[in-house]
Amino acid sequence: MFGRVNIICKLTMVVGFMSLAYSCANRGIGPQGGPKDSTPPVVVKETPANGSVNFNERRVEIFFNEYIQLDKVSENVLISPPQQRPPEVKAYGKKVMVTFDEDLRDSTTYTIDFGSAICDNNEKNPINGYSFAFATGDVIDSLEVSGQLLNAEDLNPLSGIVVGIHQNPDDSALTTIPFTRIAKTDKDGFFNIKNIHPGAYRIYALGDVSKDYVYQPGEGVALYDSIISPFCNSELQLDTVWKDSLTIDTIKQVLNKVCEPADLVLMYFKENKQRQYFQRAIRDERHFFHLYFAAPQDSLPIVRPLPNDTTTADSVSVNPTKDTITYWLTDSLFIMSDTLTFELTYQKSDSVYELQWQKDTIYAVYREPRISEKAKAKMELNKQVKHVEIRHTARSPFEIYAPLVIKTETPVKTMTVDSVHLYEMLDTVPKSIPFEIMPVDSSYMLWQVTHDWKADTNYKFEIDSAAVTDIYDNVNEAVKANFKTRTLDEYSSIIIKIDPFDERAMLQILDDKDKVIKTLPAVAEGTKFEYLSPKSYYLRIYLDLNGDSIWTTGDFATHRHPEPVYYFSSKLTLRANWDFEETFEYLTIPVEKQKPKEIKTDASKKK
């Protein structure tokens with residue numbers, strides 16, 4: 001026995017000597033530092049113990065095996081039931097201390113979810129999913145509710161959204177009373193509301209911008225029609241002393257407890273209610289100014305010059321999102337004035353998002369740019385020879401399903417249609433062909449030329465000089481363009497049949513960014529998408545319940561849910577000059593598992 005110990009000691013000395021000699025012989029290498037620490041802190045003590053009952057203090061202390069720091073406490077730490085005055089959460093060396101700022105309720109279970117707030121001091125490795133619970137009564141509630149929150153329009157998960165329960169079954173409770181218990185969704189949209197008292201509840205999700213755990217108009221929300229009654233499927237009587245010596249997590253492990261419901265799916269939406277107000281007036285050039293609004297305008301505001309009540313603009317244009325309105329000035333007195341004063345009458349949202357007419361005095365100020373005399377002379381020369389600038393899409397390869405688009409930089413006053421020409425090229429001989437040309441909107445700055453294009457065909461497009469005159473009496477220079485349409489074998493097509501068929505279904509082809517390429521209504525024999533480029537696509541449908549041909553969000557006041565959305569679970573890879581056919585059984589796979597992972601993102605992170 002002693003001999004063996006002696007041998008081990010000698011070997012240890014030899015190995016130690018060799019290690020020392022090796023380190024001395026390699027001094028030039030220097031300290032190597034060792035592997036990077038990737039281990040999060042470990043809880044070594046909790047005061048009181050996690051899962052304690054009859055707690056009557058205001059402070060909780062948690063001790064760790066190393067120095068720690070806190071990260072984004074306001075975002076990560078969640079107290080349930082929610083507090084009117086958030087507790088103070090501080091880190092001191094190897095300790096986290098939570099101090100409540102209000103009296104605790106009697107016979108209530110409290111849960112502190114730390115999320116990823118607690119990290120080690122050096123590498124910032126977080127403890128994920130750590131929670132602490134205690135009860136002010138002699139029983140700690142242990143029921144749980146779990147599920148996933150998805151964005152209703154695109155089935156993307158949402159992180160950082162509050163999910164809560166109410167004992168009051170009326171929806172009005174969400175507008176007046178903070179939640180009974182709460183949780184936050186993780187990066188995949190999953191939530192777990194812990195330590196629930198037995199009973200019946202309504203469950204909601206809330207984009208709680210106001211941070212009061214009460215629904216405010218304009219905040220995102222998710223509704224769930226059914227009342228939920230949480231339960232667990234495993235019960236075991238434990239000796240009181242033994243039970244008190246175990247943590248909540250240990251008890252769960254011993255019991256192998258499974259709580260229901262654990263697979264709730266909530267669909268999150270925002271109502272079409274945006275705060276409407278006037279933002280600012282910008283006048284970049286003398287001859288026009290912009291009015292910017294916080295949300296799309298359903299009707300044009302009334303602009304009246306002060307002190308003269310005369311027309312200020314010969315043309316008005318609205319951007320595609322309808323939140324920017326441009327007024328084009330033609331009166332030389334207004335154009336040469338540095339400051340224009342107007343009375344603006346427009347619709348503004350009140351506190352409950354109802355639109356009310358509002359009058360404001362606004363100023364459109366032009367500031368002359370600071371430029372050299374040489375540059376100023378060049379600008380004046382350009383003004384003397386200014387023409388109507390015309391841009392167009394007549395270029396190869398041209399898509400045979402698309403109109404030819406013409407865009408001008410200023411509103412058009414007149415266009416001589418006889419001076420616009422379209423030819424089909426027969427070898428080198430142009431053949432005049434019929435077409436239609438129409439303005440896209442009332443600004444007369446965007447026009448479309450439509451024709452039944454042939455595949456693999458050469459065309460010529462021409463606009464004669466002075467065919468277009470803008471509101472400033474400038475005319476265009478001649479435009480000439482040659483272009484060729486794509487061949488049919490450069491396209492693919494796909495026929496989509498949906499099962500079960502629903503005449504309200506609208507089918508959408510999506511690109512790899514989850515953006516809509518084409519939308520068509522469902523047809524019983526199959527909806528055909530033609531002239532698709534040969535590449536990969538994705539597919540979804542929504543049920544157009546109100547028949548307006550657009551996806552419609554929900555409405556909290558009427559308890560109306562968003563229109564249902566379904567994703568085809570696989571990528572559709574199309575090849576050139578091929579016709580494909582696919583059947584979409586959109587009710588077969590649970591909706592939360594439908595969306596392909598390649599296009600799935602956290603909807604909370606999208607701008």
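## Overall build

Residues 24 or more positions apart make up 67% of the chain's contacts with a separation of 6 or more. The model is predicted. The chain holds seven helices and 43 strands.

Of its 607 residues, 42% count as buried. The exposed surface comes to about 34,200 Å², and carbon and sulfur atoms supply 51% of that area.

## The nonpolar cores

The largest nonpolar core has 25 residues. Leu-404, Ile-406, Trp-453, Phe-461, Ile-463, Val-468 and Phe-483 touch the most other members. Six strands are listed as giving two or more residues to this core: E27 (404-408), E28 (412-415), E29 (420-426), E32 (446-450), E33 (458-463) and E35 (479-484).

Take Phe-461 as an example. Leaving aside residues up to four places away in sequence, Phe-461 touches Ala-394, Leu-404, Ile-406, Val-420, His-421, Leu-422, Val-449, Val-479, Lys-480, Ala-481 and Phe-483. A second, separate core has 22 residues, among them Val-145, Val-163, Ile-165 and Cys-232.

## A buried glutamate

Glu-102 sits in the loop between strand E6 (95-99) and strand E7 (109-113). Glu-102 is buried, yet has no salt bridge. Arg-85 is the nearest side chain of opposite charge, 4.8 Å away.

The side chain of Glu-102 does reach backbone atoms. One is the backbone nitrogen of Arg-85, at 2.9 Å. Another is the backbone nitrogen of Gln-84, at 3.3 Å. Not counting residues up to four places away in sequence, Glu-102 touches Arg-58, Gln-83, Gln-84 and Arg-85.

Definitions and conventions:
Residues are numbered from 1 along each chain as its sequence is written. This is a predicted model: local features need pLDDT of at least 70, side-chain atom pairs count only at pLDDT 80 or more; totals for chains, interfaces and linings use all residues. Side-chain values use heavy atoms; hydrogens and water are left out. A nonpolar core is a set of buried Ala, Val, Leu, Ile, Met, Phe, Trp, Tyr and Cys residues joined through side-chain atoms within 4.5 Å. Buried means under 20% relative accessible area, exposed over 50%, partly exposed in between (1.4 Å probe, protein chains only). Helices (H or I, at least four residues) and strands (E, at least two) are DSSP runs, numbered from the N terminus. Contact means heavy atoms within 4.5 Å. Accessible areas come from the Shrake-Rupley method with a 1.4 Å probe; for residues, only the protein chains shown count as cover. Lys and Arg count as positive and Asp and Glu as negative; His and the chain ends are not counted. A salt bridge is a side-chain nitrogen of Lys or Arg within 4 Å of a carboxyl oxygen of Asp or Glu. A polar contact is a pair of N or O atoms within 3.5 Å; within protein, one must be able to donate a hydrogen and the other to accept it, and residues adjacent in sequence count only if both atoms are side-chain atoms.
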